[in-house]
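Please find below some notes for a first reading of this entry. Keep the structure open beside them and check each point as you go.

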Amino acid sequence: MSTFYVTTPIYYVNGEPHAGHAYTTIVADVLARYHRIKGNEVFFLTGVDEHGANIHKAAENAGLTPQDYCDKMTPTFTKLWKRLNISHDIFMRTTSDMHKRGAEKFLAALYDSGDVFKAPYEGYYCRPCERFVPEKELTDEKICPIHKLPLEWIEEENYFFRLSKYQNRLLDHIHKNPQFIYPESRRNELLSVLDSGLEDISISRSSVSWGISLPFDPKHIVYVWIEALMNYMTALGYETDSEPYQTFWPANVHMMAKDITRFHALIWPAMLMAVDLPLPKQVVAHGWLTKDGEALSKTRGIVIDMDTDIDTYGLDAFRYYLLREFSFGNDGDYRPARLHARYNADLANDLGNLLNRVLGLVNKNFDGIPAPTTPGEFDDEIKEMAQATVDKLDEHLNAFAFDAALETIWEFVRRINRYIQQTQVWTLAKPETKPRMGTILYNSLEALRLISLMISPFIPETAEKIQKQIGLPEFDTTAEWGRLPADLTVSRGEPIFPRVDTKQQKQAQPEKTAKPKQEKKTIDLVSFADFQKLDLRIARILTAEPIEGADRLLKLQVDLGTEKRQVVAGIAEHYTPETLVGKQVIIVANLEPATIRGVESHGMILAGSADAVVLATLETEMPLGTQVR
C-alpha cells in the first residue's frame, strides 16, 4: 500500500479563521480524500500555531494568559473544520507536549550540526509577519511588502542558522526536482531569490517570552517561524521515532498560500539538509482570494461571508465553487453571483436534475434497478467515457488542477443528460421496448455511481446522498464500470440541490403587502395575429463567453441550421459559459437587432424566471432552424 502525507500550514490563533484558511484546508482535504479512495494509506495534518509575539500581544489585549487565550481561540478553528467537513487525521497544537519535545530534539540536532551560531543582530522587523525583512527587500519607505505597515528597527543578540551554506545544494535540488516547488511561477520566484544569494537567518528571540526555549540556551526562545516548520514532523511522533514518523515522513505535499513559500521551500529544506533528514516531496502554493476584485480587508469590510453562503447554498456548493471557479495557483476572485450561477447551472440543473430524472423513471417503470440486457446505440460510448474520465481525474489531481478535474467530471454528467435525451428513454415503457429502457436506466444509474465516486473528494456529502438514493447500502469506491448490483431499491429523496434565491434578489424584491382582490394583477392579452408575427426557431449554442463589465450578460454564438448569429442573454448569474455549449434552445429569430453594453444582439433566447432563470430547452433533439408553433 502506498502512503500519502499532506499538510496545511498551522494557522496563527491571534485571529479567527477566514476564507483563506478555509480554501487551503479544503484543497488539502480533497487530496487526502482522493488518495483514500485510491486505497492509499493517508495522513492529513492541520492545526494551529500558538506561540510567538503576536499571540502574546493578543492575549495581553484580551486580559488573558497566553495559554488561556490559545485555549479560547483554538476551538474556532476546530469548529470551522468540522463545519467544512475536513477529514484531518490530527489537529496539531504547538503548545502540546508532543510538539515541544519534538521541537527540542530537532533544535538540538540542528545545533549539533555546527551550523548554528550566536551573534548580535539589528534590522527592520515586521511584527504582524514576525520576521526580519532582508536588506534587499526593503523599500525606501521601510514598509512591510505584505502588511503595508511601517517596519520597526530592532537590535538584539540572537542565534543564527547558516542558511547561506546551503544555497548551492538548494539550487541543485530544485533543478533536479522541478516539481519540488509548484506552480512554476513560485519556483521561478524562489530560483531568483537563490540566484541573488541567501543570507544567514536568525532562529531565536531574546526579547520574546512566549514560546519554546532553545535546549542549548534557555534564555532564548526559538523564532516562531522556525518552530512552526518542525510541526510537520513532531505531529508524526518524531521525538520518539514512532511508527507514523517512520511510515509517512517525508511529506508528499506541504499545501499553503503563496506568501509563505520561502520558509517552506528554502529555509525548511536547508534545515533538514543540516540534520541529514529527507526533504518533503512537494511544496505547493495557491494564490490569494479577493472579493469582487478587491483585496480582503476586515477594516474595510471586504470579507467573504462563509457562514451566510453555506447557510444559503449548503456546504458542498461552497466547496464546489472554491474548487471549480479558480485556477489553482493563481489569485481567485470570489463573487457571490458566480457562486449562485454555479449552483444553479452545474449542481441543480446538470447533476441534481439528472439524478431526479433517472430515479423518477426507475420508480415509475421498475420495482428496482433493472438488469442491463439489451445493449444499443450510445452505450459503448458512455462506458468508454466513464473510464476516460476516471483516468483524466487522476492526471488532473496529480497536477493540482482542481477546476479542470471538476470540468472533466461535468463533461461526463452532461453526456449522460444527452444520453437520456438521445435515447428518449421515457418513450420505451411498452412491453416490447422495456428491456432496452431498463438497460439505459441501468447505464445511467451506473454512471451516477461513478460520478458520485469521482466527486466524493470535492463534495463528499453530495456523493453519499447520491449513492443512498441509488440504493447502495454503503459507499462504493469501485472505479470500474458495471459493478452496480441490479434489483437494488432506489429512493426518490429530496432534491440534492433545491433552488435558492440570492440575497441580492431577495433585497431587490419589494415587501409583499396584502391587496384587495379587485387589485389582483391581470395579464395583458395580445391577439393571435400579433403572436404569429414572432418567428421562434430551434438553435444550438456554439460558444458562450462573459461580457466585460456586465456580470449578468453572456455573449452567445448560435447555429440556426442555415445561419449563425450572435445573441446577448442576461443569464450569466444562472449559467456558466461551459454549461451552455451544445444546448438546444428556442430563440426569437425576427427580433430587431439591438446593441447591449456595446455588443450587437440578433435575437433573444427564451427563458422562464421564478426563483432563478431557466432556459426553455427541448425534451427531444430537433433539427436546427425548426420553427416552433
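Predicted model: local features only at pLDDT ≥ 70, side-chain atom pairs only at ≥ 80, totals over all residues.

1. The C-alpha trace of the protein chain spans about 95 × 55 × 50 Å along its principal axes. Its secondary structure comes to 19 helices and 25 strands.

2. Burial and surface. The protein chain has 629 residues, of which 54% count as buried. The chain exposes about 28,700 Å², and carbon and sulfur atoms supply 49% of that area.

3. Contacts along the chain. Take the contacts in the protein chain with a separation of 6 or more: residues 24 or more positions apart account for 74% of them.

4. Helix H9, length. Helix H9 covers residues 261-274, which is 14 residues. At 1.5 Å a residue the helix should span 20 Å, and its end C-alpha atoms are 19 Å apart, so the two values agree.

5. H9 bends by about 30° at Ile267. A proline, Pro269, follows within four residues of that position. Because 13 of the 14 residues of H9 are buried, the helix is largely enclosed by the rest of the structure. After H9 comes Asp276, which has a positive phi, near 60°.

6. Arg33. Helix H1 runs over residues 19-37. The side chains of Arg33 and Asp29 are joined by a polar contact of 2.8 Å. An α-helix has 3.6 residues a turn, so residues three or four places apart point the same way. Setting aside neighbours within four places in sequence, Arg33 is in contact with Asn85, Ser87, Arg319, Ser456, Pro457 and Pro460.

7. A three-stranded sheet. Three strands form an open sheet in the order S15-S14-S16, with mixed pairing. Strand S15 (294-295) and strand S16 (332-334) stand at the edges. Each of these two has a single partner strand, so one side of each is left without a neighbour in the sheet.

8. The S14 and S15 pair. How many bridges join strand S14 to S15? There are two, and the strands, S14 being residues 289-291, run antiparallel. Thr290 has Ala295 in S15 as its bridge partner. In general, strands of a sheet pair through backbone hydrogen bonds, either parallel or antiparallel.

Terms used. Residues numbered from 1 in each chain as written. Heavy atoms only, no water. Pairing = 2+ DSSP bridges. Polar contact = N/O pair within 3.5 Å; in protein donor to acceptor, adjacent residues only side chain to side chain. Contact = heavy atoms within 4.5 Å. Expected span 1.5 Å × (residues − 1). Bend = angle between axes of the 7 residues up to and from the residue. Buried < 20%, exposed > 50% of the residue type's maximum accessible area, 1.4 Å probe, protein only. Areas by Shrake-Rupley, 256 points an atom, 1.4 Å probe, with all protein chains shown as cover.
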